[in-house]
Amino acid sequence: VNQGLATLAFFGVGVNLVLFLTRVLGQNNAEAANNVSKWTGTVYIFSLVGAFLSDSYWGRYKTCAIFQVIFVIGLVSLSLSSYLFLIRPRGCGNQEMPCGSHSGLEITLFYLSIYLVALGNGGYQPNIATFGADQFDEDDPKEGHSKVAFFSYFYLALNLGSLFSNTILGYFEDEGMWALGFWVSAGSALAALVLFLAGTTRYRHFKPSGNPLSRFSQVLVAAIRKCSVDMPPDADDLYDIDGNDSSMNGNRKILHTDEFKFLDRAAYISTRDVEEQKKRTHSMWRLCPVTQVEEVKCVLRLLPIWLCTIIYSVVFTQMASLFVEQGAAMKTTVSNFRIPPASMSSFDILSVALFIFLYRRVLDPLVARIKKKGSRGLTELQRMGIGLVIAIMAMVSAGIVECYRLKHADKDCMHCEGSSSLSIFWQVPQYAFIGASEVFMYVGQLEFFNAQTPDGLKSFGSALCMTSISLGNYVSSLLVTMVMKISTEDHMPGWIPGNLNKGHLDWFYFLLAGLTTIDLIVYIACARWYKSIKLEGKTAENIDDQVSFKL
């Protein structure tokens, strides 16, 4: 419920931000789309800050509480600045009446407010998912099964929260009632914070494991110092500590793997190390246990998979920018009722809810029966691959809709919102495809990175998911800038001009479909290469069944 309320608050700002920038601040389509991509990207960059503080110093509970307070402050500041300074004259910012000019100080206050929202939400998001997962004991069969279900329902709560924002709040904001929408978001964020604090006495807490950057640096320095030594053929000769050692901070021991053999030198016990151990003066910058070395290996193995998810996030971010601008240029009226373009993302949310149900109740049990007895259904890596395939279908669908929209458009219009006779409901398939792909890609990502990161880096694993979205937004902004620069040569209007009827947004969608196809091929190669983390007490068969890409 906390996640649902916080998401309602966040998307109460984010879902219509591109329209706020064009209607209230007077920015053009390309500039507004870029600013939304940069802001959304910054939200997820801040997730790394939150994950670092959580894993290193504060712990997940304290980090969640502090960043939620910052989130509430940012939303209250945004509501006040919009009501007092930006929405002038009163009632402006709807489809009919643009707002007047604003001073540099007013614009600065606006950007300070939305980036406080970005900091608060970004720092909180990776920790709330991991904190929720902490409440389940993996070693208990019943709780372990509930933990897997938790990620699906957590993502469903996220989408149900955004459903209210995309429909009710989206409608009021589209009609020019921006301050009301922002105040409702602030109230929802405050309610989420109070609810989170109310459960304080019932939570399970895990101690932070210390600065991961220093642990990683120790492994690299120790390995480089011993680059010239002859390594023993047997991994049993490497330095390790007991799983109950106080230096483990309650984290599970990671078993040795054969990849990245150079790093094993950090665990090689030299004559000097033996002498220092006898004197109890040995330095972690010269000798690291196998578990610490394997932490670095785990992160290095995750990076290729993580990089392959960035292009998917480029596709996903179009829903908050170009999909909205495309919808605004279509027929948005049914009888006398006008449909806010941003509210079409409700079909994405409905698709997420439907496909979570179909996946958990139909597809997953079916695949488990087809595979060998006692195995799970689709692994996380397989689901992420399916998500990429569906994302390609979404971009192809969006491109085809844009082709038909242009055929029914008035290219000489002055104010081009609603200038095409093609109904906005033709956007439903592209939103539904995006929703289906999220269930496979983002829920799979959450489970994969949570399961494959060491115990002391769980928040970092969730932050990797969010940072993928962040870089996707930045890559999207870069692509739009490059496409506009190249396509506006020789005084051409470009693919994404202010008047979309004179552009070729369809070509941009097909470009994204092509890039995602290439990304899928690279992803399949990386997924087949990937080797799972090996925790003490887990059998190799169970590990392979959890993460293998092969059917």
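Analyst: Ser335 is found in the loop between β1 (333-334) and β2 (337-338), where helices (H or I, at least four residues) and strands (E, at least two) are DSSP runs numbered from the N terminus. This is a predicted model, in which local features need pLDDT of at least 70 and side-chain atom pairs count only at pLDDT 80 or more, while totals for chains, interfaces and linings use all residues. Residues are numbered from 1 along each chain as its sequence is written, and side-chain values use heavy atoms, with hydrogens and water left out.

The phi of Ser335 is near 60°, a positive value in a residue other than glycine. Most residues other than glycine have a negative phi. Ser335 is also exposed, with a relative accessible area of 73%; here exposed means over 50% relative accessible area, buried under 20%, and partly exposed in between, using a 1.4 Å probe and protein chains only. Phe260 has a positive phi as well, near 50°, and is found in the loop between α8 and α9, but at 32% relative accessibility Phe260 counts as partly exposed.

Lys297 forms a salt bridge with Asp264, the closest N and O atoms being 2.8 Å apart, where a salt bridge is a side-chain nitrogen of Lys or Arg within 4 Å of a carboxyl oxygen of Asp or Glu. This pair links distant parts of the chain, with Lys297 in helix α10 (residues 290-308) and Asp264 in the loop between α8 (212-225) and α9 (271-278), 33 residues apart. Lys297 counts as buried at 0% relative accessibility, and Asp264 counts as buried at 6%.

By the same rule the count comes to 12 salt bridges. One of these joins Arg60 to Asp134, with the closest N and O atoms 2.5 Å apart, and it too links distant parts of the chain, since Arg60 is in helix α4 (residues 60-86) and Asp134 in helix α5 (residues 104-134), 74 residues apart. Arg60 is buried, with a relative accessible area of 10%, and Asp134 is buried at 9%. The side chains of Glu402 and Arg405 meet in another salt bridge, at 2.9 Å from N to O; these two are three residues apart in helix α14 (residues 380-407), so they are separated by about one helical turn. Both Glu402 and Arg405 are buried. Salt bridges that share partners also join Glu259, Asp264, Glu294, Lys297 and Arg301 into one network.

On the scale of domains, the protein is divided into domain 1 (1-208), domain 2 (212-292) and domain 3 (293-534), with bounds that come from an automatic or database domain assignment. Leaving aside neighbours within four places in sequence, Phe20 is in contact (heavy atoms within 4.5 Å) with residues including Leu25, Phe110 and Trp178.

Between domain 1 and domain 2, the centres are separated by 42 Å, taken over C-alpha atoms, and four residues of domain 1 are in contact with four residues of domain 2. The buried area between them, which is the accessible area (1.4 Å probe) that two parts lose on being put together, summed over both, is about 320 Å², of which carbon and sulfur atoms give 51%. The count of salt bridges between domain 1 and domain 2 is zero.
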